[in-house]
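Good morning. I have a few minutes on one structure, so please look at the screen while I talk.

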Amino acid sequence: MRIAEILRNKGAAVTTVEPQTSVRALLTVLAERNIGAVVVSPDGATITGIVSERDVVRRLDEHGAALLDRPVTDIMTAQVRTCGPRDHVDSLRAVMTEHRIRHMPVLEQNRLVGIVSIGDVVKSAITELAAEREQLVDYLQGNY
């Protein structure tokens with residue numbers, strides 16, 4: 001399975017915030033959308049960074065409540081790993097596991113076209129296993 005298929009099933013919408021967005025406003029976006037991370041982008045197409053709930057929690061411990069009024073650029077990950085729609089889910093799963101990444105933006109021709117979470121990757125693996133199981137059962141029962 002390729003990343004494009006995951007995006008077809010879940011949709012390609014990506015929540016972004018502008019670099020000057022405050023951490024407080026970021027928390028509102030995360031809560032309203034019920035998501036764990038957003039892409040930091042000045043235009044919704046290019047990537048400046050990515051920021052997650054974990055980033056907020058870790059920096060709050062270091063800086064206290066004053067962090068809430070600082071821009072997301074102070075806490076975001078600037079070196080963002082990305083993937084493309086034609087990449088295989090298996091290779092993405094390995095990268096996400098090895099590097100402990102929960103969200104990976106999808107780029108096509110250097111433009112943001114989606115985001116994939118580790119939950120999306122696990123769901124696709126479960127779907128593939130269920131389909132394989134069904135095919136094996138049909139084969140064994142002579143329904144092929």
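This is a predicted model: local features need pLDDT of at least 70, side-chain atom pairs count only at pLDDT 80 or more; totals for chains, interfaces and linings use all residues.

Asp 69 and Arg 24 form a salt bridge, with 3.2 Å between the closest N and O atoms. This pair links distant parts of the chain: Asp 69 lies in the loop between helix H3 (53-63) and H4, Arg 24 lies in helix H2 (residues 23-33), and 45 residues separate them. As for the surface, Asp 69 is exposed, at a relative accessible area of 56%. Arg 24 is partly exposed, at 42%.

How many salt bridges does a search of the whole structure find? The number is 5. I will go through two others.

Take Lys 10 next. Lys 10 forms a salt bridge with Asp 120, and their closest N and O atoms are 2.8 Å apart. Here, too, distant parts of the chain are linked: Lys 10 belongs to helix H1 (residues 3-10), Asp 120 belongs to helix H5 (residues 118-140), and the two are 110 residues apart.

Is Asp 120 buried or exposed? Asp 120 is buried, because its relative accessible area is 17% and the cut-off for buried is under 20%.

Arg 70 is partly exposed, with 31% relative accessibility. Asp 74 is also partly exposed, with 39%.

Now to helix H4, which covers residues 89-99. Which residues of H4 are buried? Val 89, Leu 92 and Met 96 are. Why do they lie on the same side of H4? Because the arc they cover around the axis is only 60 degrees.

Now turn the model to look at the other face. On the face of H4 turned away from the buried side you will find Thr 97 and Glu 98, and these residues are exposed.

Arg 100 follows H4, and the phi of Arg 100 is positive, near 55 degrees.

That is all I have. Thank you.

Key
Residues are numbered from 1 along each chain as its sequence is written. Side-chain values use heavy atoms; hydrogens and water are left out. Buried means under 20% relative accessible area, exposed over 50%, partly exposed in between (1.4 Å probe, protein chains only). Helices (H or I, at least four residues) and strands (E, at least two) are DSSP runs, numbered from the N terminus. The arc is that of the directions from the helix axis to the C-beta atoms. A salt bridge is a side-chain nitrogen of Lys or Arg within 4 Å of a carboxyl oxygen of Asp or Glu.
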